[in-house]
Structure formats: structure tokens, C-alpha cells
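Please report on how the two chains of this model meet.

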2 protein chains.
Amino acid sequence: MSDNLASKITDSELEVMKLLWHASDALPVTEIREQLQRSKGWEPATIKTLISRLVSKGVVRQEKRNVYYYSPVISEKEYSSWATKDLITRIYNGKASDLIASLVSSNGLTKDDIAELREMFKVEE
Amino acid sequence: MSDNLASKITDSELEVMKLLWHASDALPVTEIREQLQRSKGWEPATIKTLISRLVSKGVVRQEKRNVYYYSPVISEKEYSSWATKDLITRIYNGKASDLIASLVSSNGLTKDDIAELREMFKVEE
DNA sequence: AAAAGCAGTTTACAGTTGTAGCTTAAGCAA
DNA sequence: TTGCTTAAGCTACAACTGTAAACTGCTTTT
């Protein structure tokens, strides 16, 4: 995913992306609207603006059926790993382990997190 | 660190913060300017604007001597752990271990990182 | 067919950010 | 002291963001 695409997903737009990511299929504006209106209290116009911007940015695709259906061009995984690497670049001098060290030292990890991580980094074989 | 402070440090401003964080003491504008002019190619006016904004935001303190000296109010560690938690909240549903899992699965970790992490999460005692 | 409703498009508007110039006042050099 | 240099403060301005209204044309209802 190029820097040009992901870097431009703003906070509000991200809410729309999340919805699309969690949908199993392309969604018409009606459904997007219904959910975001409830969860975010946004006006229909606002939601339409956000969708349009995402389409211009190339991260959401629209297909014309009776009415437009929208689906994400980039996956949630792609986006989040991009965002994570971006954070590491910007504030941890590119060292991923510094990020994790920071999490550890700032108590950013729950007991469960730590248990999972022990599992994850257990020396296997 | 309140949300109001850290969330408002922008990318450009962050460059100024980094400089102040790495300085052992408060710095006069001249020194800040000299370094950022070289490393970033920014005009003096730009640098002054960024410093002023950081002061308004309360993340940089100024003390009047002959001339103003600037120093960070929040530490780099505070900031980076805040930014990390913010990322986890925004895109990993609050689960720190999901962030790390994402790093692992997207090959965001070098061999060295992994070695360090094994060490870090080794079951001790 | 006339009216109503709504998808899609265009326009709006204030706040933030990146980037920088202009003005004013004070210290230093001549 | 008289002007030059520059710190500090104020102003600028376009792009991006959050938020939304207005308009336009098609579909559906009466």
C-alpha cells in the first residue's frame, strides 16, 4: 500500500473503513448511513462526504448496481500494519522492538497480553 | 498526559520536540533554528511558528533569560507511550497484543527484534 | 402526471496544519 | 546616537479535516 493512500485516511474516514471492513460484502449507502448515524450521530450528508473522499483517495471502490455499492480496496490488515510501521518510523526510529519495550515499561500490556506474547515468542523446536 | 496535549503534536511540531528531547538543556531559538534549518530546510519563520504553537499547546515551556529558552514539558517516553496507546485504541480495539501480532504477521520485525523480544518475554524465575 | 423522497454531486465553512512573510522593539555595532 | 540585526509577535494563505446544507435528477407513490 503506497504512502499516498493509507496516510490519507483520517479519523472520521477510518470509522467508515471499519464498517466496510467488517461487512462481508459491498454495502449501499443506506446501510453505511444507518449504522454510522446510530453509532456516531453523523448526518447523512456527512457520511456521504466521507465516502466520497475515500473513493477519491482510492481506498474505497464503488460499483454501480441499482445504486452504488461500496467496498474497501485495502484490507484492514494492510492498513493497520501500515499504520504501525508508520508509528515505528515516526517515533521509534524504525525500531519495532523499541515500541514493544515502550509498551512494556509503560504498563501498556495486560496480564493476558503478556501471556499471549510469551506464547508468541516462545523458543520453539 | 492529557489527551488535549499530546494528541495535538503534529508531524512538523514533532520534529521540534525531538530536538528538544535530545538536548540536555533548554535551547534558545538560535540553536533550534540552526539544526532544523539544516536538517529540514525550514525557514526561520516556520520554526518560530512551530515553537509558538508548541508553547500554546502547553507541551513546551519557555523561560526568559536574555532571550527565551525552550524545553519540553512532556518527555519523549510519555509522548511515545501515549501515541502507542492511541494507536492501539484507534485501530487494534484496545488490544496491545493484536498490535504485536500484526507486526509479526506483516514481517515488521527483524531477526534482532525477535531475539530481543524472546529475551523480553522469556519466562523468568 | 404531479409530487415526494432520496442517491449522488456540489458547495460551504470553520478549525488545523504546513509553510512563511511583515512588523515592532530591543540590543549591539559603528 | 543612529542605524543594523534579529528575537518575538502578528498576519497570511492554501490544503486538509470535520461537519453539513443545497441542488439535481431519477425512482416511486399517489
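Why does the distance between the end C-alpha atoms of α2(B) agree with its number of residues? Because its 12 residues should span 16 Å at 1.5 Å a residue, and the end C-alpha atoms are 17 Å apart; the expected span is 1.5 Å times one less than the number of residues. Helices are DSSP runs (H or I, at least four residues), numbered from the N terminus.

The model is predicted: local features need pLDDT of at least 70, side-chain atom pairs count only at pLDDT 80 or more, and totals for chains, interfaces and linings use all residues. Residues are numbered from 1 along each chain as its sequence is written, chains are lettered from A and ligands numbered from 1 in the order in which they are written, and side-chain values use heavy atoms, without hydrogens and water.

Among the buried residues of α2(B) are Leu14(B), Met17(B) and Trp21(B) (buried: under 20% relative accessible area, 1.4 Å probe, protein chains only).

| Property | Value |
|---|---|
| Residues of chain B in contact with chain A (heavy atoms within 4.5 Å) | 34 residues |
| Area buried between chain B and chain A (accessible area lost, 1.4 Å probe, summed over both) | about 3100 Å² |
| Salt bridges across the interface of chain B and chain A (side-chain nitrogen of Lys or Arg within 4 Å of a carboxyl oxygen of Asp or Glu) | 4 salt bridges |

One salt bridge joins Lys95(A) to Glu116(B), with the closest N and O atoms 2.8 Å apart. On the side of chain B that touches chain A, α2 (11–22), α5 (76–91), α6 (96–105) and α7 (111–120) each supply at least two residues. The most comes from α5(B), with 10 residues.

Notes. Buried area is the accessible area (1.4 Å probe) that two parts lose on being put together, summed over both. Buried means under 20% relative accessible area, exposed over 50%, partly exposed in between (1.4 Å probe, protein chains only).
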